[in-house]
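Visitor: Could you walk me through this structure, one feature at a time? I would like to learn how each one is read.

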Amino acid sequence: MEYLPKVFESPEIVKCSVLAQCFRSATSPRTEEVTISKRAQSGVPNRKPNLLTSRKPWSPENPSGSIMLRIALNTLLPEPFHARLSRAKFPRECVHSYAEGGGGAQIFKRAVAHYLSRLLLGEQQQIIPDSIRIVTGATSMLESVAFILSDRGDCALCPSPLYSGFAGDVERMGLNIIPVPAGPDTGFVPPPRKLARARVSNWLKGRKCNILLLCHPCNPLGLVFERDKLAAIMKWAVKEKMHVVSDEIYAGTVHTSVTPFTSAWKIASTEIDEQHRDLVHVVTSFSKDLSLPGLRVGVLLTNNSNLLSSMDQIGKFSMLAGPMQYALAEILLDDEWLHGYIRQQHQVLRRAYQQLTSEFDRFGIRYLDGGATLVVWLDLRNCLPMHSTWADEDRLNDLLSLKGVLISPGRASHASEPGFFRMAPYSVDPRAYPEVARRIASTRLR
Ligand SMILES: Cc1ncc(COP(=O)(O)O)c(C=O)c1O
């Protein structure tokens, strides 16, 4: 009776055991029941603790330690930015105001437009600040764009192997990702007829595909797509009245690639009819190019007035802090400092990539020589038996984890067959690379 208030203790009411039971069940804590909504439950991954990854990290003093190569970061050069940020100023008032509402303060949008004009267009054209909206990170921006451009149950076609985070970023809004495989024969870009086939087959199942979602430069492949191939699929998509959303978060991480990077924004402004240009949207962020994932800056670039005004409405749910907008605006407009910083970043990435790949070459490990982004796509099919399955890939992944090499299996990226893995090497001390290569080369599933 400990949960029953006094009123239930009167003889008449205690006789009414049904009522007492109801009250008890409504007030007793019942730990076995889930207490969150169904829609939240659908987004909760069923994660088991990974006992294979619990050992101490590698260092020269702990050479048998685990090496985390799953998160696409660049932590090789933190000092110059810390020093510059500590000198940046912001007006005191912006601490006590709402930074001009959702979508970003005008001063920050101007600075971002200046920075992106150089990054995406090589300063041949200027991006106008009114085409820009800002929220907290590309993750949040992708979700907002999915909310605005699609209805629940709609689909986005996406060349695969694809960024495994896309599904999580947009699925809460009910947008489904449809992988469209592409391989080296077509430069990893599916030709328009293949995209068209995927669109029709989904349409026959009652699903509308109104978005072509790209990640360029490509995570997980670590490469830059060829301009003409990209232009061909963009032209096809806009002719079909589809939106093209190009995630260009790695535009500034093209360090060794021989294929030059061409932004979807540049293709839109030079090769797409004016009437269709407002179907092309670029999403980017400061997490990779500038190595600032902790500052949570996500950017949308679009000329679509409906998308822009909707972003003004929902941007308030993920507004970037005012002081950060002012401080970063100062840094982005400091051309000399910024270009020096970006140059240094490229040098560091190029050197690390060369160190890593020369170890791969020494140990006979196959990889896609893309020279862009913060990831490398490994081909470990020769570590698996012939005619291997996805279960074999899982087992190889477990073996590698046991050896302390933590990389991401290709299945999560919708790789075409088992045996491919994505490695994100730039948050690891390059002195660990020989050990990474040695451990991989000595792992075989037989
Ligand atoms: C292709 C791609 N898009 C988006 C994100 C998320 O970026 P942000 O840190 O800006 O949310 C990532 C992070 O790894 C990414 O690789």
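This is a predicted model: local features need pLDDT of at least 70, side-chain atom pairs count only at pLDDT 80 or more; totals for chains, interfaces and linings use all residues.

Visitor: Where is Ser 401 placed, and how far is Ser 401 from Ser 66 in space?

Guide: Ser 401 belongs to helix 14, which covers residues 390-402. From C-alpha to C-alpha, Ser 401 and Ser 66 are 8.1 Å apart, while 335 residues apart in sequence. For the chain as a whole, take the contacts with a separation of 6 or more: 74% of them are between residues 24 or more positions apart.

Visitor: How many helices and strands are there in the chain, and what share of its residues is buried?

Guide: The chain has 15 helices and 13 strands. Of its 446 residues, 40% are buried.

Visitor: Now to the sheets. What is the order of the seven strands in the open sheet?

Guide: The general idea comes first. Backbone hydrogen bonds pair the strands of a sheet, in either a parallel or an antiparallel way. In this case the seven strands follow the order 2-8-7-6-5-3-4, with mixed pairing. Strand 2 (132-135) and strand 4 (176-181) are the edge strands, each pairing on one side only. On average, neighbouring strands of this sheet are turned by 25° against each other, direction ignored.

Visitor: Which helices pack on this sheet?

Guide: Helix 9 does, touching strand 5, strand 6 and strand 7, and its direction makes about 145° with that of strand 6. Helix 11 (residues 305-314) packs on the sheet as well; its contacts are with strand 2, strand 7 and strand 8, and its direction makes about 150° with that of strand 8.

Visitor: Is strand 7 mostly covered or uncovered?

Guide: Strand 7 (residues 280-285) is mostly covered, with six of its six residues buried. Strand 7 runs parallel to strand 6 (residues 243-247), and four bridges join the two. Val 244 has Val 280 as its bridge partner, and Asp 247 stands opposite Val 283.

Visitor: Which residues come nearest to the ligand?

Guide: Among the 14 residues around the ligand, the nearest are Gly 137, Ala 138, Thr 139, Ser 285 and Ser 287. Helix 6 (residues 137-149) gives the most to this shell, with three residues. By class, the shell has six nonpolar, seven polar and one charged residues.

Visitor: How do I read a pair of packed helices, such as helix 5 and helix 12?

Guide: Two packed helices are described by the distance between their axes and the angle between those axes. For helix 5 (residues 106-121) and helix 12 (residues 322-332), the axes come within 9 Å and cross at roughly 35°. The crossing is left-handed. On helix 5 the contact is made by Ile 107, Phe 108, Ala 111, Val 112, His 114 and Tyr 115, and on helix 12 by Gln 325, Tyr 326, Leu 328, Ala 329 and Leu 332. These residues divide into nine nonpolar, two polar and no charged.

Visitor: And the backbone: which bonds are cis peptide bonds?

Guide: One joins His 216 and Pro 217, with omega about -10°. Another joins Asn 219 and Pro 220, with omega about 25°. Pro 217 is in the loop between strand 5 (209-215) and helix 9 (227-239), and Pro 220 is found in the loop between strand 5 and helix 9 too.

Visitor: What is phi of Thr 373, and is Thr 373 buried or exposed?

Guide: Phi of Thr 373 is near 70°, a positive value in a residue other than glycine. Thr 373 sits in the loop between strand 9 and strand 10, and is buried because 30 other C-beta atoms lie within 10 Å. Arg 296 also has a positive phi, near 55°; with 19 C-beta neighbours inside 10 Å, Arg 296 counts as partly exposed.

Notes: Residues are numbered from 1 along each chain as its sequence is written. A residue is near a molecule or strand if its C-beta atom, placed from the backbone, lies within 6 Å of it. Ala, Val, Leu, Ile, Met, Phe, Trp, Tyr, Cys and Pro count as nonpolar, Asp, Glu, Lys and Arg as charged, and the others, Gly among them, as polar. Axes are lines fitted to C-alpha atoms, for helices over the stretch in contact, and angles run from 0 to 180 degrees between N-to-C directions. A crossing is left-handed if the near helix is turned anticlockwise from the far one by less than a right angle, and right-handed if clockwise. Two residues are in contact if their C-beta atoms, placed from the backbone, lie within 7 Å. A residue is buried if 20 or more other C-beta atoms lie within 10 Å of its own, exposed if 12 or fewer, and partly exposed in between; C-beta atoms are placed from the backbone. Two strands pair if DSSP finds at least two bridges between them.
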